[in-house]
Amino acid sequence: LGTLCVEGELIGVKLAASGHAYFSIRDQDAALPAAMWRSALSRARVRLADGVVVRCFGKFGVFAAQGRLQFYVDRVE
């Protein structure tokens, strides 16, 4: 899959000491775990916070340490 767009409400936003952000994007039916690297976060024009509804562009990948699918966000609106 190439770059995809996912829209929903942010929940569980955590800003790590590394500068990366970790959160979930949810709608009425499901929640998707996501990560945004420091470099992408520095370009964001939207402040990431719980309850903010956003459109995220990125790609799916597997976080091997936990064996789970995760959405890696490159851009947020």
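Two strands pair if DSSP finds at least two bridges between them. Helices (H or I, at least four residues) and strands (E, at least two) are DSSP runs, numbered from the N terminus. The model is predicted: local features need pLDDT of at least 70 and side-chain atom pairs count only at pLDDT 80 or more, while totals for chains, interfaces and linings use all residues. Residues are numbered from 1 along each chain as its sequence is written, and side-chain values use heavy atoms, with hydrogens and water left out.

**View 1. Five strands close into a barrel.**
The strand order around the barrel is E1-E2-E3-E5-E4, and the pairing is mixed. From one strand to the next the twist averages 55 degrees; axes here are lines fitted to C-alpha atoms, for helices over the stretch in contact, and angles run from 0 to 180 degrees between N-to-C directions. The chain contains one helix and five strands, which follow the pattern β-β-β-α-β-β along the sequence. The radius of gyration is 11 Å, close to the 11 Å that the globule rule gives for 77 residues, so the chain is as compact as a globular protein of that length. That radius is taken over C-alpha atoms, and the globule rule is 2.2 Å times the number of residues to the power 0.38. Along the principal axes, the C-alpha atoms fill a box of roughly 30 × 30 × 25 Å. Of the 77 residues, 32% are buried; buried means under 20% relative accessible area, exposed over 50%, and partly exposed in between (1.4 Å probe, protein chains only).

**View 2. E1 and E2 form a hairpin.**
Five residues lie between the two strands, and Gly 19 in the turn has a positive phi of about 95 degrees. E1 and E2 run antiparallel and are joined by five bridges. Leu 15 stands opposite Ala 21 in E2, and Lys 14 has Tyr 22 in E2 as its bridge partner.

**View 3. A salt bridge links Glu 9 and Arg 26.**
A salt bridge is a side-chain nitrogen of Lys or Arg within 4 Å of a carboxyl oxygen of Asp or Glu. For Glu 9 and Arg 26 the N to O distance is 3.2 Å. The pair links distant parts of the chain, with Glu 9 in strand E1 and Arg 26 in strand E2 (residues 21-26), 17 residues apart. Glu 9 is partly exposed, with a relative accessible area of 25%. Arg 26 also counts as partly exposed, at 34% relative accessibility. A search of the whole structure finds four salt bridges.

Arg 55 is partly exposed at 34% relative accessibility.

**View 4. Arg 75 forms a salt bridge with Glu 77 and lies over the face of Phe 57.**
The closest N and O atoms of Arg 75 and Glu 77 are 2.7 Å apart. Arg 75 is partly exposed, with a relative accessible area of 41%, and Glu 77 is partly exposed at 41% relative accessibility. Salt bridges that share partners join Glu 7, Arg 55, Arg 75 and Glu 77 into one network. Arg 75 is 3.9 Å from the ring centre of Phe 57. A charge sits over a ring if NZ of Lys or CZ of Arg is within 6 Å of the ring centre and within 35 degrees of the ring normal.

**View 5. Ring pairs link Tyr 22, Trp 37 and Tyr 72 into a cluster.**
Rings of Phe, Tyr and Trp (its six-membered ring) pair if their centres lie within 6.5 Å; planes under 30 degrees apart count as stacked, over 60 as edge-to-face and the rest as tilted. By this rule there are three aromatic pairs. One of them, Tyr 22 with Trp 37, is edge-to-face, at 6.5 Å centre to centre and 80 degrees between the planes. Tyr 22 lies in strand E2 and Trp 37 in the loop between strand E3 (31-36) and helix H1 (38-43), so the pair ties together parts that are 15 residues apart in sequence. Tyr 22 is partly exposed, with a relative accessible area of 33%, and Trp 37 is partly exposed, with 37%.
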